[in-house]
Amino acid sequence: MLYIPCPWCGEREELEFHYHDEGHIVRPDVSVGDGEWSSYLYERENVEGWQRDLWSHDAGCRRYFYVLRHSVTDEIGGAYKVGEKLPPLPVEAEREMGS
Amino acid sequence: MSGHFSGLRLAYESLRGHTGWGRQWGSSELGDEYDVVIVGGGGHGLATAYYLASECDVGRIAVLEKGWLGGGNTARNTTIVRSNYLWDKSLALYDHAVKMWEGLSRELNYNVMFSQRGVLHVAHDEGDIRLSRRRCNSIRAAGVDSEWLSPEEVKELVPIINLHGRFPIMGGVFQPRGGVARHDAVAWGYARAASGLGVDIIENCEVTGFDVKRGKVVGLETSRGKVKAKKVGLVVAGHSSRLAELAGFRLPLMMNTLQALVSEPVKPMLSTVVMSNGVHGYMSQSDKGELVIGGGTDLPVSYSRRGGEGWFSSTTASIVELFPCIRRMRVLRMWGGTVDVTKDRSPILGKTPVENLYVNCGWGTGGFKATPGSGHLFAHSISRGEMVEKAAPFGMERFREGCLVDEGAASGVAH
């Protein structure tokens, strides 16, 4: 069971939430060609490591937000609101602290 | 090597203490150069290598496997075989596989324990009935076996099912030719047969890069050194996106965790496979007596091979509603695997932006059933350099062209 820190409600069990997609996928302008459009619709990064997810707190505040999650170890590295400045991925933060 | 398996041989070996069986497949060192390299030693990869060696004249063939043979989704699935899909393209693809399953043990001289005990999809409400009957008719029109059963007929086939519970049974679609097979035997049988035909099978050999010259793949970098290859087939399921990234392109896939569980073993109580798309669950009984239970995937992109607890409670709750007599049974094992899911729930078989690099992936939650057919069609396609007829509609270009083979409704969640 993941414990997800909702930016409004605090840490709750995964069952209260719904995972939607990889985070920060930008819808392209409709004038782009079929290649870019199908890439937007169907292709995903499937990062093996730290990634940014889009979740919603369905059984709580019902808001959308982003979660930093490690796709191999299931660690949660924090959460942030839509529109906030992107926090660095935990791996980037570690690298900065080391340097 | 292990030689031909037969009743006579078994009798002979039993008289001398079973000392003469030998290893079932050779372990090879990585050669310098191959005509075809298959990346991924699961069922689909090994089947591809076997049909390349037995039916296509392509020269030297190698299978590279990062871990051990059949240790990925081949070892983790719920072994269901069926071909009752909605669209003609899928029916042709999956029924090709079912026909091959029917002769597979003989073909490989290896008992894959294919048991055609039938697969039943139950319907719970009026909408479910309409969709199921439509699918049933569409399958029959394509010449594949499919029967509509009344609730009474369902009860006769599955005495332990609860017709009048929270999810009432209002009928079901039955495919008698469907069933289950022994997953490990499929990987081992193909490995043994391919190895017998001279295919090099190299385990603990991870692909770390592709040597691409002028848009053409000419070799691979691996944890055991470099190897030249004229053609390469990627058959790596949950690692498809990673390897595609190494080769410089992206695939229309999502990686999800799919879980399954088995109960403690009990005496025979279920003689067919029962699936319910309505409640997201399915159950069969293994030859060992364990009830094999599966359901839908967890939603987040994940490579953890561990799923969430929510899946367990929702799947078992539904299954226990359908089969109240199992509610006090204990769970013996529970596990997860990483499945490569496409948005239209159909596989990807085809060429890639890199010349001579072919891909076979996207089987998502239901690839086991297609193993022989997938390997057979992929082998012939690689050999010809063009996708053969039954595989042609499944190229990744269908996502760009909008020509999807949408099996989301027909395959539902239960695979």
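The area buried between chain A and chain B is about 2100 Å², and carbon and sulfur atoms give 51% of it. On the side of chain A, the residues that lose the most area to chain B are A:Tyr42, A:Asn46 and A:Glu48, which together make up 32% of what that side buries. The model is a predicted one, and the values below should be read with that in mind.

### The contact between the chains

Chain A brings 25 residues to the contact, and chain B brings 23 residues. Across this interface, twelve residue pairs are in polar contact, both residues of each pair having a pLDDT of 80 or more. The elements of chain A that give two or more residues to the side touching chain B are strand S3 (18-22), helix H1 (34-42) and strand S4 (50-56). Of these, H1(A) supplies the largest share, six residues. Sorted by class, the side of chain A that touches chain B holds eight nonpolar, eight polar and nine charged residues.

Side chains of opposite charge can pair when their charged atoms come close. Between chain A and chain B the count is two salt bridges, and one of them joins B:Arg250 to A:Glu43, with the closest N and O atoms 3.1 Å apart.

### Salt bridges over the whole model

Over all chains the count comes to 21 salt bridges.

| Pair | Closest N to O distance |
|---|---|
| B:Arg250 and A:Glu43 | 3.1 Å |
| A:Asp53 and A:Arg69 | 2.4 Å |
| B:Arg398 and B:Asp344 | 2.7 Å |

Within chain A, the salt bridge between A:Asp53 and A:Arg69 links distant parts of the chain, since A:Asp53 belongs to strand S4 and A:Arg69 to strand S5 (residues 64-70), 16 residues apart. Both A:Asp53 and A:Arg69 are buried.

In chain B, B:Arg398 forms a salt bridge with B:Asp344. B:Arg398 lies in helix H12 (residues 398-401) and B:Asp344 in the loop between strand S16 (331-341) and strand S17 (348-351), so this pair ties together parts of chain B that are 54 residues apart in sequence. Both B:Arg398 and B:Asp344 are buried. Salt bridges that share partners also join B:Asp95, B:Lys99, B:Glu102, B:Asp145 and B:Arg177 into one network.

B:Asp184 has a relative accessibility of 15%, and because the limit for a buried residue is under 20%, B:Asp184 counts as buried. B:Arg182, with a relative accessible area of 29%, is partly exposed.

### Helix H6 of chain B

At the start of H6(B), a side-chain oxygen of B:Asp125 reaches to within 3.2 Å of the backbone nitrogen of B:Gly127. The buried residues of H6(B) are B:Asp128, B:Ile129, B:Ser132, B:Arg135, B:Cys136, B:Ser138 and B:Ile139. Just after H6(B), B:Gly143 takes a positive phi of about 85°.

Definitions and conventions
Residues numbered from 1 in each chain as written. Chains lettered and ligands numbered in written order. Predicted model: local features only at pLDDT ≥ 70, side-chain atom pairs only at ≥ 80, totals over all residues. Heavy atoms only, no water. Contact = heavy atoms within 4.5 Å. Buried area = accessible area lost by both parts, 1.4 Å probe. Salt bridge = Lys/Arg side-chain N within 4 Å of Asp/Glu carboxyl O. Polar contact = N/O pair within 3.5 Å; in protein donor to acceptor, adjacent residues only side chain to side chain. Helix = DSSP H or I, 4+ residues; strand = E, 2+ residues; numbered from the N terminus. Nonpolar A, V, L, I, M, F, W, Y, C, P; charged D, E, K, R; others polar. Buried < 20%, exposed > 50% of the residue type's maximum accessible area, 1.4 Å probe, protein only.
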